[in-house]
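The following note concerns the pockets of the structure shown below. Please read the points alongside the model.

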Amino acid sequence: MIKITNLSKSFDGGKTYSVKALDLEVKKGELLVLLGSSGCGKSTTMKMINRLIEPTEGTIEIDGTVNTELDKVELRRNIGYVFQKIGLFPHMTIEENVCIVPKMLKWSKERMQERAKELLSLVELPLEQYGNRLPQELSGGQQQRVGVARALAVDPDYLLMDEPFGALDAVTRDSLQKEVLQLKEELGKTIIFVTHDLFEALLLGDRIAVMDGGILQQCGAPEELLNTPKTNFVKELFLRPARQLSQFKEVF
């Protein structure tokens, strides 16, 4: 479980806050979506979880231990990170990209190859067909699949996904969204997924945490946010999706 308590981040000495007094719990095995527009604090929150940036105030506990008390390298080994720009190394093969962290951990060549084979199969990019290719030989959607495989390489308990499909076309995005749900069911990972897309949040989230201006507006199951919004911001945000979902139900 990840427990966030009174978390705040200011980059200008307290004049303004990117995240302000955030309290949030991420339950084991759930997919929690952080939803909001650019600048609302969702990505900053993600970066504080794995200590890419440090909080100004507050704490983040990972399985009962405050993350600032953990070695950064050890912390990040247990938290896979997938982001929009993917960040595959262009001069490395797909297999080498997947095995970056295992190689740092000095896994044997056989163990790394077996893990790459397992993970690439999981994301429907068989090692025999794709392992020796370079990233530029793959489509954007395929590269993003490799990013997911790489994040899972050392079997982390947690997976952070920061707008991972934002740059992809609608068809590819739909396919990868379904794969995320399938991976969650198969692997039982705890996932925090950042998006600004309402329908992506509704599709993927066990719960959705809505943020605006660095402040948590409401956190709950999709049905709760649609039916019992607690703030005007949440009400207005979900008004259009609620109408469209209602029309969908009438048709079917």
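1. Helices (H or I, at least four residues) and strands (E, at least two) are DSSP runs, numbered from the N terminus. Strand 6 gives the largest share, four residues.

2. The model is predicted: local features need pLDDT of at least 70 and side-chain atom pairs count only at pLDDT 80 or more, while totals for chains, interfaces and linings use all residues. Residues are numbered from 1 along each chain as its sequence is written, and side-chain values use heavy atoms, with hydrogens and water left out.

3. The largest pocket has a volume of about 490 Å³ and is lined by 19 residues, with R76, R77, I79, Y81 and V101 nearest its centre. A pocket is, on a 1 Å grid over the protein atoms alone, an open set of points where a 1.4 Å probe fits, with protein on both sides within 12 Å along at least five of seven lines; lining residues have an atom within 4 Å of a point. Grid points are joined across faces, edges and corners, and a volume is the space filled by probe spheres set on the points.

4. The lining of the largest pocket comprises 13 nonpolar, three polar and three charged residues. Ala, Val, Leu, Ile, Met, Phe, Trp, Tyr, Cys and Pro count as nonpolar, Asp, Glu, Lys and Arg as charged, and the others, Gly among them, as polar.

5. The second largest pocket holds about 290 Å³ of space. Its lining divides into four nonpolar, two polar and four charged residues, and helix 5 provides the largest share, three residues.
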